[in-house]
Amino acid sequence: MWRYIGKRIGLMLLSLWLISTLTFWLMHAIPGDPFTSDRNLPEQTLANLEAQYGLDKPKPVQYLIYMGNLLKLDFGISINHMGRSVNDMLADGFPVSAQLGAQALILATCAGIVMGTVAALRQNRLPDYTLMVLAVLGISIPNFVIAPLLQKYLGLEWDWLPIAGWGSFDQTILPAMALAFTPLALVTRLMRSSMLDVISQDYIRTARSKGLPPWRVITRHTLRNAIIPVLTILGPLTAGILTGSFVIEQIFSIPGIGAYFVESIANRDYPMIMGTTIFYSAFLVGMNFLVDLTYGLVDPRIKIGAKEGA
């Protein structure tokens, strides 16, 4: 077990190093620099700014300096927000993005499991057809289309919920619904497929033949095994919900790190681009690692770190 954990941590660090390296060189491969648009500034001022942020040094030297700072978890000073460190900006914006992402993830996972289970238990009936149509729509329609529709009808026409802003729980409902729309459809389809596969197994028929109540067969035998594929996608799904919140945060005027990321790309804010990219990458690989560890808790037959064929 500990050998497996050590190996996975090593692979995570290698992945983060590759991601940071590729991001650094691809970012600098784009023509121009963060001060390209500042054409009215004197040449001496531009030279001073480049020296301040280390952009006057050769690219390999910049890379080594940045990697050295990265080992100290120092992402540097934002170019677009002068005087503010990237670490402080991430610390300010991430709790907001995390709250929104957590609400969307809970909604998508819980509702998706229930809807997928109902669809499987009512296969080829009206509930199944209805839920599958909704799932197809959820996969086909992007959240930046759903968000304005929710604002129009639930916010403006029916006046049920606020259409923008951040601060109260009511203001989180619409963006969480918009962000959860596509993941909800994915979980529903996956849960339905997994439930249908588990229901057809011999041990389920044996449990039913012993006279166990249907609810007990579903909760203790069917759901526990059918939910494993859903756990498999929770890692990338969690990171996908957070990274997908960039557009939603812009639409609903939410002060998360999505706004910082979009601004950093538009303004070529190198430290912020690197900081947000590495931050989300670390979050993604970390979630995948945690999901792998939970397999053994959900299904005791799965032994984490066991050798193949053992």
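Val145 counts as partly exposed because its relative accessibility is 35%, where partly exposed lies between buried, under 20% relative accessible area, and exposed, over 50% (1.4 Å probe, protein chains only). Val145 belongs to helix 6; helices are DSSP runs (H or I) of at least four residues, numbered from the N terminus.

The model is predicted: local features need pLDDT of at least 70, side-chain atom pairs count only at pLDDT 80 or more, and totals for chains, interfaces and linings use all residues. Residues are numbered from 1 along each chain as its sequence is written, and side-chain values use heavy atoms, leaving out hydrogens and water.

## The nonpolar patch

Together with Phe144, Leu149, Tyr153, Trp158, Trp160 and Val247, Val145 makes a nonpolar surface patch of about 720 Å². Such a patch joins nonpolar side chains within 5 Å, from residues with over 30% relative accessible area and no salt bridge. Helix 6 (residues 143–157) contributes the largest share, four residues.

The largest pocket has a volume of about 420 Å³. Among its 20 lining residues, Tyr53, Gly54, Tyr66, Asn69 and Pro271 are the closest to its centre; lining residues have an atom within 4 Å of a point of the 1 Å grid. Helix 3 gives the most to this lining, four residues.

The second largest pocket holds about 320 Å³ of space. Its lining of 13 residues has Leu16, Leu70, Leu73, Phe75 and Ile278 nearest the centre, and helix 1 gives the most, with four residues.

Definitions and conventions. Patch = residues over 30% accessible without salt bridge, like charges linked within 9 Å, V, L, I, M, F, W, Y side chains within 5 Å. Areas by Shrake-Rupley, 256 points an atom, 1.4 Å probe, with all protein chains shown as cover. Salt bridge = Lys/Arg side-chain N within 4 Å of Asp/Glu carboxyl O. Helix = DSSP H or I, 4+ residues; strand = E, 2+ residues; numbered from the N terminus. 1 Å grid on protein atoms, 1.4 Å probe; cavity = no way out; pocket = protein on both sides within 12 Å on 5 of 7 lines; lining within 4 Å. Points joined across faces, edges and corners; volume = space filled by probe spheres on them.
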